Structures are given as structure tokens and as C-alpha cells.
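Reader: I am new to this structure and would like to learn how to read it. Could you take me through some of its features one at a time?

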Amino acid sequence: MNVLIIEDEKALARELEIFLTNYNYICEVCFDGTSASEKVAVNLYDFILIDLGLPDYEGLDLLKEAKKNNPDAAYIILTARAEIYDRIKGLDMGADDYLAKPFSLLELQSRMQAITRRKFGLKNNVVELGDFMVNLTDRVITCNGTEITSITKKEFDLVAYLILHKNRTVTRNQLSEHIWGSIINDDYDSNYIDAHIKNIRKKLNAWASPDWLETVRGLGYKIKINT
Amino acid sequence: MKLRTKLTLFNTISKLVIVTLFVLLLPVLIKNINQNYTDSRLRKQKDKVLQTVKDLGIKYYIQNGESYAGYTPIKDVYVSLDEDTLNEDLDNIQNEVRKVEGDTIAYRILSHNFSIDKKKYLLEIGISQDTVNERTAPLQSIAFLVLVTMIILTIVADQLYSDYILRPLNLIIKTKLVGNKFPNFGSYKQVRTTTSDFQHLDISIHQMIRTIESTFQKEREFISNASHELMTPISILQSKIENMFEEEDIADELKVRLLEMQKILNRLKSITKTLLLISQIENDQFLKEDKTTIGALLQDVYDEISIRLQDKNISYEAIIPENWVLVNINKFLMFNLFFNLVNNAIKYNKEGGEIRIEAVKENSAFVVKITDTGLGIIATDLPFIFNRFKKLRQSLQQESFGLGLPIVKSIADFHRIKIEVESEKDKGSTFKLIFPAELVV
């Protein structure tokens with residue numbers, strides 16, 4: 001998939017490019033609004049990531065302009081100015097999602113995946129994990145055809161996030177940011193992820209061994225899927 | 001005590017003292033005046049008699065050596081002229097008792113002797129004391145009446161004038177210092193007064209308020225700008241660390257160190273995000289248009305936080321009336337308010353402790369109480385718990401940065417919710433949220 005990254009912070013733009021290239025996206029990078037405006041006029045993209053705080057261009061104007069030539073692209077707004085009204089305005093103008101800086105790269109990828117699923121209507125989004133089947137669309141885990149109802153919403157979120165980033169170690173920080181990121185609180189180092197994982201293992205173990213859910217010592221967790 | 005009351009009190013008391021003093025002195029004064037008046041009358045009479053003697057000769061009064069004596073029928077005035085045998089000169093006035101035709105009467109008597117044709121004569125003129133005293137009583141009562149009337153008049157006048165003159169001061173106090181939240185950042189109207197002291201006071205308050213307001217504003221702007229500006233560098237660092245973490249040729253021990261960096265960055269990120277949130281709340285950037293039941297809100301909090309309760313084996317109980325609906329609130333903020341309070345109740349609780357949330361109506365006020373069985377807060381620390389970055393000695397946990405309660409306070413202030421805290425060391429704390437009536441239906 002083709003991604004256009006419009007970000008004036010060169011260091012950040014480079015990291016986005018490296019990360020997305022790793023996830024098999026084909027990336028182009030613009031550091032200012034003028035060159036981005038030229039690019040969207042001639043090329044077609046699947047994803048356009050726009051930083052609202054461009055020095056030479058009003059980010060929302062660029063979004064409007066890009067939508068003319070790239071109506072089918074998915075737009076994600078990235079901004080450090082996390083004003084609430086910017087967010088509403090951006091979404092009103094047809095952006096598909098909005099990420100406030102600083103964000104985790106994994107979070108960006110998960111949002112892109114979600115948009116892809118929505119836009120291209122992936123129906124059969126079921127992942128096989130040992131004896132378990134995880135349906136990411138209906139958000140259920142089954143074992144031999146029986147739904148495991150004891151899994152809570154939060155626990156499913158964790159499993160889904162690990163599946164999305166399969167075969168990579170996802171750190172506790174990244175997991176906490178994904179499931180508690182919008183809560184503003186006083187803690188900066190909570191290890192409640194471990195407690196959640198413990199619960200998930202316990203619940204699944206009653207059906208079959210969830211040996212695909214690995215603890216990477218001292219680092220985080222990983223779901224192994226052989227492809 | 002109010003200035004006006006003090007002035008009134010002083011006025012009244014000082015006047016009462018003067019009146020009492022005057023009333024006590026009045027008889028003596030009046031008596032004195034009366035005596036002076038009587039004495040001068042006696043002297044005039046004496047002069048008249050002497051003039052008659054000079055014009056008509058002593059024979060007009062005394063013939064054949066017989067003495068002269070005359071008095072009015074009721075014996076209140078008498079005059080006597082007689083030959084005198086004493087050698088010394090006499091000219092005085094004194095009180096004496098005389099017997100006149102069987103009646104003993106106290107007189108004020110002028111005695112004067114003089115000589116004519118080598119003979120000495122003694123003139124005595126007397127006015128009875130009763131006559132003198134008769135005049136005292138009416139004089140006294142008139143003086144008393146006039147005095148009281150004057151005093152009452154001046155008290156009333158003083159009162160009215162001090163009322164008038166103090167009106168601007170009352171206005172300044174009422175509209176600028178009390179009633180509203182001080183400092184009251186609204187439009188500031190000048191108080192009209194001709195008293196320069198009050199003008200000075202009013203202008204000084206204006207200037208103070210303006211200074212405070214601009215300092216507040218600058219602080220808010222600074223926090224907002226600083227936290228915004230920090231977001232991009234943090235974002236770059238986070239992305240770099242995440243990308244490095246995914247590199248395959250990096251040894252595990254380096255990865256652990258990257259993770260530590262990520263944790264520290266996370267701390268910086270949390271602090272910055274929290275400060276930004278507080279500044280956004282204080283800059284009124286949130287709408288208050290949401291509606292939800294307290295039960296639903298607390299259920300959301302519970303869903304997020306149950307893992308923490310379970311981790312510390314803490315029991316949680318929420319007793320909430322079904323029909324309490326919160327209106328005109330910001331759901332995101334209210335969620336964060338309750339989340340932080342419950343989170344604190346867990347964080348500072350003991351293993352296996354309890355948390356109890358109760359929504360009750362107390363004297364027509366809607367109150368939500370969050371009680372824990374935790375460490376408690378010592379009384380001397382209570383006034384500081386809402387200060388930013390204030391970490392109390394007892395909170396030994398390293399994983400917080402002292403912004404939990406400041407968030408709660410900002411959100412509560414934004415919704416005009418009052419917070420009261422009761423706490424006892426080693427027993428636990430109760431946070432009481434008192435909702436204004438307009439938030440609950």
C-alpha cells in the first residue's frame with residue numbers, strides 16, 4: 001500500500017518511514033505543505049498521514065485539497081496541538097482518524113489496519129491460534145466452536161493488539177498505552193498488563209493451552225503465528 | 001466587627017458618657033448660676049438702698065435711732081438697716097438662718113456696713129433660700145431636655161452620614177472581595193466615590209486583580225505552550241526507541257535498556273499530557289454538554305480499574321441511586337475525575353482493603369463519597385494535597401508524580417463541584433464530592 005507522510009519534523013518523518021516500510025508499506029515523505037500539495041495532485045495513495053502543524057500550509061486546507069485528487073485515500077491526522085476542536089474539525093472534514101503526538105508507532109499501525117479493514121470490508125477476519133479461533137470482526141474467541149465468554153473487553157483488546165503485531169515483542173508500555181492511553185492519570189509505570197495476561201492465560205487454559213502467547217522475559221509479550 | 005458598627009458604637013457611647021457627666025454636673029452648675037444671679041440681685045438692691053441714703057439722707061430709713069426693717073408678706077425678701085456697733089468693715093454675702101416673727105427661714109444674706117456722720121450703720125438684705133431653689137428645678141429640666149434632644153439628633157445625623165460616607169466601601173467589599181470567587185476575573189466596574197481613600201482602595205484592588213489575572217494567564221499560557229512544544233520531541237524520541245526495539249540485530253540486554261528509556265520517556269509523556277490537560281481545563285477548552293448516570297460513569301471506571309482492585313485484593317462497593325443523572329458535564333473529564341479518585345483509593349489502600357462509593361442526598365445537596373481503608377493523610381498535609389507535584393512523605397510509591405489530585409481539583413472546579421476531604425492516619429480517607437444542583441436531575 002502506498003503511504004504519503006506529510007511531516008515537517010524530519011526526524012519523525014524518517015522514523016515513520018522506517019517503521020511503515022518494515023510493515024511492508026511503500027512510503028513517500030514530504031517535509032512541507034507545498035511539495036505535499038504537488039504530490040497529491042499527481043499521485044494516488046492509499047494512506048495520507050498529515051501533520052496539522054506545517055510551517056507553510058494550513059493542515060486542514062491541505063486535507064481539503066488532497067481529498068479532491070485522492071478521494072479514496074484514508075487520511076490520518078497527526079498533531080502536537082491536541083486541541084479538542086482541531087480533532088472534531090479534522091474528523092468533520094473527512095479525516096479517517098486522528099492521532100495526537102506523541103503516539104506509539106504500533107498504535108498508528110493498528111489504526112491503519114482498522115481503517116483498512118473498514119474500507120476494504122474484510123469479512124473473514126479470523127485468526128487461528130492453536131486450538132483457538134480469534135474473530136477480530138465479531139470480537140470473540142472460540143475453542144472447538146464454543147465461544148469463551150469469560151474473556152472481557154479489555155482482555156480481548158490485548159489479544160487483538162498482539163495478533164495485529166504478531167511475531168513481534170510488544171512491550172508493556174505499548175500495551176498499556178493501547179488500552180489505557182486515553183486515561184489521564186498519575187501513574188507512569190503500571191504493571192497491570194501482567195495481571196491481565198495472567199487472567200487471559202488462566203481463562204484460556206481451562207479450554208486448551210495458550211502456548212502461542214509468549215512472555216518475552218524482561219521485555220514484553222508476543223503472539224507467535226507461523227505463516 | 002464592621003466598621004460601621006464600630007463607628008456607631010463609639011458615637012453612642014461617647015455621647016452617653018458626655019450626657020451622664022453633664023447630668024451629674026447639672027445640679028451643681030445650676031446652683032452656682034442661681035447663686036451668682038441672687039448675689040448680683042442682692043448687690044443691686046444694696047446699691048439702690050445706698051443711693052436712697054445718699055439722696056434722701058439716712059433719716060429716710062432711721063429716725064430717732066430706731067432701726068428699719070421691712071419684708072414682704074411671705075417673708076421671702078427682707079431688708080434691715082440698723083446702727084452698728086462693730087468697728088470692722090463688713091461687706092459679704094453668706095447663707096444664714098434668721099428668725100422672722102416666729103418663722104425660722106434660711107436666707108442668703110448680704111451684709112454691708114457704712115458710716116454717715118460718724119455713725120456706723122449695718123445694712124442687711126436677704127432673699128430666702130426657697131426662692132432661690134424654686135428656680136433650680138425648672139432650669140434643670142429644661143437644660144436636660146435640650147441636651148437629650150441634641151444628643152439624639154446628633155446620633156441620628158452621625159448615623160446617616162456614616163452610612164452615606166461608607167456606602168462605597170461597602171460596595172467595594174460586597175462586589176469585589178466577597179460573594180464571588182476572589183479574585184473575580186470578570187469585568188471590573190469602578191465604584192463611584194468622592195472619598196479619595198476609597199478611590200485609592202478601589203484602584204489598588206483593580207490593579208492587584210489585573211496583576212493576578214495576567215500572572216494566572218501567563219502561567220496558563222506557559223504551561224499550554226510548553227507542554228505543546230514538548231509533544232513533538234517526545235514523539236520523535238518515542239518513535240526512535242520503538243524502531244530501534246524492533247531491529248533484529250539488537251541484543252536483548254540492549255533491548256532491556258531501550259525499554260528503560262521508554263519507561264522514562266513515558267513518565268515525561270504522562271507529566272506533559274497531564275499538564276496540558278489541566279491547562280486546557282483551566283482555559284475552558286472543554287464543552288459541558290454530556291449527560292450520563294453516575295452509575296454508568298462509575299461502571300466505566302470500574303471496567304478500567306477492576307484489574308487493579310483484583311491485583312491488590314481490594315473489595316469495591318458502590319451504592320448509587322438509579323435515578324441520578326448528571327447533566328451539563330464533560331463525560332471524558334468526569335470519567336477522569338472518578339478514575340483518579342478511585343485509583344488513589346486503590347494506590348494508597350492496604351492489601352485486602354475496602355473501597356466504598358456512596359451517592360447520597362445531604363440537605364438537598366447531591367454528594368458522592370469515596371471512602372478507602374488506606375494510609376490516610378495526616379492533618380497537617382491535608383491543605384496541600386491538591387498542589388501540583390506535591391508528593392506527601394507517606395506516599396512511598398515511586399510510580400506517581402503528584403498530579404492525580406490536581407487533575408481531580410481542576411475537573412471539579414471546572415464543573416463547580418466542591419471537594420471535602422476527611423482523613424485519619426492509618427484508617428483511611430473519604431473524598432466527598434458535592435455537586436451543584438444544576439448538574440444533577
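Reader: In which hand, left-handed or right-handed, does helix 4 of chain B pass helix 7 of chain B?

Author: A word on the source before that: this is a predicted model. Two packed helices are described by the angle between their axes and by the distance between those axes. Helix 4 of chain B and helix 7 of chain B pack at about 15°, and their axes are 9 Å apart. Angles under 35 degrees count as roughly parallel, and therefore helix 4 of chain B and helix 7 of chain B are roughly parallel to each other. The crossing of helix 4 of chain B past helix 7 of chain B is left-handed.

Reader: Which residues make the contact of helix 4 of chain B with helix 7 of chain B?

Author: From helix 4 of chain B come Thr274(B), Leu277(B), Ile278(B), Ile281(B) and Glu282(B). Helix 7 of chain B brings Pro406(B), Ile407(B), Ser410(B), Ile411(B) and Phe414(B). Sorted by class, this contact has 7 nonpolar, 2 polar and 1 charged residues.

Reader: At what angle do helix 6 of chain A and helix 7 of chain A pack?

Author: The description again uses an angle and a distance between axes. Helix 6 (residues 153-164) of chain A packs with helix 7 (residues 172-180) of chain A at an angle of about 130°, the axes being 10 Å apart. Helix 6 of chain A and helix 7 of chain A are therefore oblique to each other. Their crossing is right-handed.

Reader: Which residues of helix 6 of chain A meet helix 7 of chain A?

Author: Lys154(A), Asp157(A), Leu158(A) and Tyr161(A) do, and they meet Leu175(A), His178(A) and Ile179(A) in helix 7 of chain A. By class there are 4 nonpolar, 1 polar and 2 charged residues in this contact.

Reader: Now the sheets. In what order do the 5 strands of the open sheet in chain B stand?

Author: In a regular strand, side chains alternate between the two faces of the sheet. In chain B the order of the strands is 1-2-5-4-3, with antiparallel pairing. Strand 1 (68-71) and strand 3 (91-100) of chain B are at the edges with a single partner strand each, so one side of each has no neighbour in the sheet. From one strand to the next, the twist averages 20°.

Reader: How many bridges pair strand 4 of chain B with strand 5 of chain B?

Author: Strand 4 (residues 103-116) and strand 5 (residues 119-128) of chain B pair over 10 bridges, in the antiparallel sense. Opposite Ser111(B) stands Glu124(B) in strand 5 of chain B.

Reader: Which strands of chain B does helix 1 of chain B lie across?

Author: Helix 1 (residues 3-56) of chain B lies across strand 2 (77-83), strand 3, strand 4 and strand 5 of chain B, and runs at about 145° to strand 5 of chain B. Helix 2 (residues 129-177) of chain B also packs on the sheet, where it touches strand 3, strand 4 and strand 5 of chain B. The direction of helix 2 makes about 40° with that of strand 5 of chain B.

Reader: Which residue takes a positive phi in the hairpin of strand 11 of chain A and strand 12 of chain A?

Author: Gly218(A) does, with a phi near 75°, in a hairpin that has 3 residues between the strands. Strand 11 (residues 213-216) and strand 12 (residues 220-223) of chain A pair antiparallel over 4 bridges, and Val216(A) has Gly220(A) as its bridge partner.

Reader: Last, the chains together. How many residues does each chain give to the contact of chain A with chain B?

Author: Chain B gives 42 residues and chain A gives 36 residues. On the side of chain B, helix 4 of chain B gives the most, with 13 residues. That side has 13 nonpolar, 17 polar and 12 charged residues.

Definitions and conventions. Residues are numbered from 1 along each chain as its sequence is written. Chains are lettered from A and ligands numbered from 1 in the order in which they are written. This is a predicted model: local features need pLDDT of at least 70, side-chain atom pairs count only at pLDDT 80 or more; totals for chains, interfaces and linings use all residues. Two residues are in contact if their C-beta atoms, placed from the backbone, lie within 7 Å. Helices (H or I, at least four residues) and strands (E, at least two) are DSSP runs, numbered from the N terminus. Ala, Val, Leu, Ile, Met, Phe, Trp, Tyr, Cys and Pro count as nonpolar, Asp, Glu, Lys and Arg as charged, and the others, Gly among them, as polar. Axes are lines fitted to C-alpha atoms, for helices over the stretch in contact, and angles run from 0 to 180 degrees between N-to-C directions. Angles under 35 degrees count as roughly parallel, over 145 as roughly antiparallel, 65 to 115 as roughly perpendicular and the rest as oblique. A crossing is left-handed if the near helix is turned anticlockwise from the far one by less than a right angle, and right-handed if clockwise. Two strands pair if DSSP finds at least two bridges between them.
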